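Visitor: I would like to learn how to read a protein model. Please take the features one at a time.

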Amino acid sequence: MYCQYLHVNSKRLNNRPLIKHDSGYILILTLMIVGLLTAMTVVFMYDVFVGTNALYNYRDGMRLSVEAESGVFLAVDFIGDYLSGVKYTDLDKYLLDSRGYTGITDDSANSEDIMTITISDEQAKFNINTIVYENGLPNRSAIFSLQALLKELTLNEEIAYYIADWIDPDDISRFRDSEGYVKNDYLYTLDELMYIKGIDSEIFKSLSSYVTVYGDGMININTAPMPVLASISYENDSKEMTTLGSERSEKILAYREYTPFNASYDIIKVADMEGVGAKLIGNITVKSSCFNIVSTTSFRELKRVISSTVLLESGESRILYWKEL
Ligand SMILES: [Ca+2]
C-alpha cells in the first residue's frame, strides 16, 4: 500500500520539473499519517481499556455494596438469634470474618471477595442524649457524667453545656453563644456533634469512641472501657454528686477479665464496691440491647463499608441508623 502510493504519485510528478528530494517529503507525509493513525489507535485502545475497566469497577463495586448490605442483615440476624438470648453481654466487639474467624463463607460471590463484620456494643458508651430529660429539663446527673468523661479524655468540660443547649428545647444560653445556632432536639446521629460549637474534628475523634446517641443510657459494666466506667455518677452518702473514678474502674476491669458480671448486683463483689455498687443500680446493666454493625467488603483495591445501628426490642431487631461510608 505504501509502495503503490509512492508509485502513483511518482508518475504524476514526472510531468513537471523534478524537484529534488520530493520523495523525501512524501515519505515524511506518509510517516506522519501512519503516526497519526497509530496514535489514534492507541487512544482508541486506551479509551476501550479505561471504559472496560470502569465497567468492571462499577460491576465489582455494585457487587461489593450488595455483599456489604447482606453482611449487615447477617449481623442483624446474629444479634436477634444469639445476642438477644444471652444472659449477659460480655464482649464489646464481635468479629465475623469471611476469612474463617467464625466460619462465614461467601461462596455465592467472587471467591476473592473478603467480608468482615464487626458488631460493637453501643451500651459500652455514654448516651449523650440522656443529658436532657424528655420534658426538656436538664438531667444533672447525666451532665455531671458527661463532664467527668470529657475530663477523663482531657477535653474541655464546658462542651457538656454546649451539647445540653443544642438539645434542650429552650433558648436560655448557658454561655453567651451556646444557643446561637442550635437544634433544640435530640441528636439523631453521632455526626451531628460536629455542628455543635466547641467541637472540632479533633475533639470529635477523641470523643466519638466513647459516646453514642442510641440506647436507653444504661452502661454495660461488662463492656464499658475505663473512661466510661469512671464517669458513671451517683450520689454519695452526703448527697453530693460524684463519679466512680478511675481507681474503682480499674478494679472492675481486673475483676471482669476473669469473671463476667452475670447481673448488675454482682458489682458489689468487686473490692471496695460493696457500698458504692448498690448506688449504681439503675445506671448500669450487664446485658446490651443496642449494637453498631460495620460491614466491610473488599475485592483487590475496591472496598465498600456500611455502618448500621440496631436496637433489640422484645426479641425483635430494629435498624436505627444506616450509612454507606
Ligand atoms: Ca436549646
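Guide: Start with burial: a residue is buried if 20 or more other C-beta atoms, placed from the backbone, lie within 10 Å of its own, exposed if 12 or fewer, and partly exposed in between. This is a predicted model, in which local features need pLDDT of at least 70 and side-chain atom pairs count only at pLDDT 80 or more, while totals for chains, interfaces and linings use all residues. Residues are numbered from 1 along each chain as its sequence is written.

Visitor: How many helices and strands does the chain have?

Guide: Helices (H or I, at least four residues) and strands (E, at least two) are DSSP runs, numbered from the N terminus. The chain has 8 helices and 11 strands. Of its 325 residues, 31% count as buried.

Visitor: Which residues of helix α7 are buried, and which are exposed?

Guide: An α-helix has 3.6 residues a turn, so residues three or four places apart point the same way. In α7 (residues 245-258), R248, S249, I252 and R256 are buried. They lie on the same side of α7 because they cover an arc of only 100° around the axis, taking directions from the helix axis to the C-beta atoms. E247, A254, E257 and Y258 are exposed on the other side of α7. The buried residues of α7 pack against α6 and α8 (274-280).

Visitor: Which residues have the most contacts inside the largest nonpolar core?

Guide: In soluble globular proteins, nonpolar side chains tend to be buried together. A nonpolar core is a set of buried Ala, Val, Leu, Ile, Met, Phe, Trp, Tyr and Cys residues joined through C-beta atoms within 7 Å. The largest one here has 59 residues, and I131, L146, I163 and I221 have the most contacts inside it. Helix α2 gives the most to this core, with 7 residues. Two residues are in contact if their C-beta atoms, placed from the backbone, lie within 7 Å. Leaving aside neighbours within four places in sequence, I131 has contacts that include P138, L146 and I163.

Visitor: At what angle do the axes of α3 and α4 cross?

Guide: Two packed helices are described by the angle between their axes and the distance between the axes. Axes are lines fitted to C-alpha atoms, for helices over the stretch in contact, and angles run from 0 to 180 degrees between N-to-C directions. The axes of α3 and α4 come within 9 Å and cross at roughly 135°. Where they meet, I143, L146, Q147 and L150 in α3 face I159, A160 and A164 in α4.
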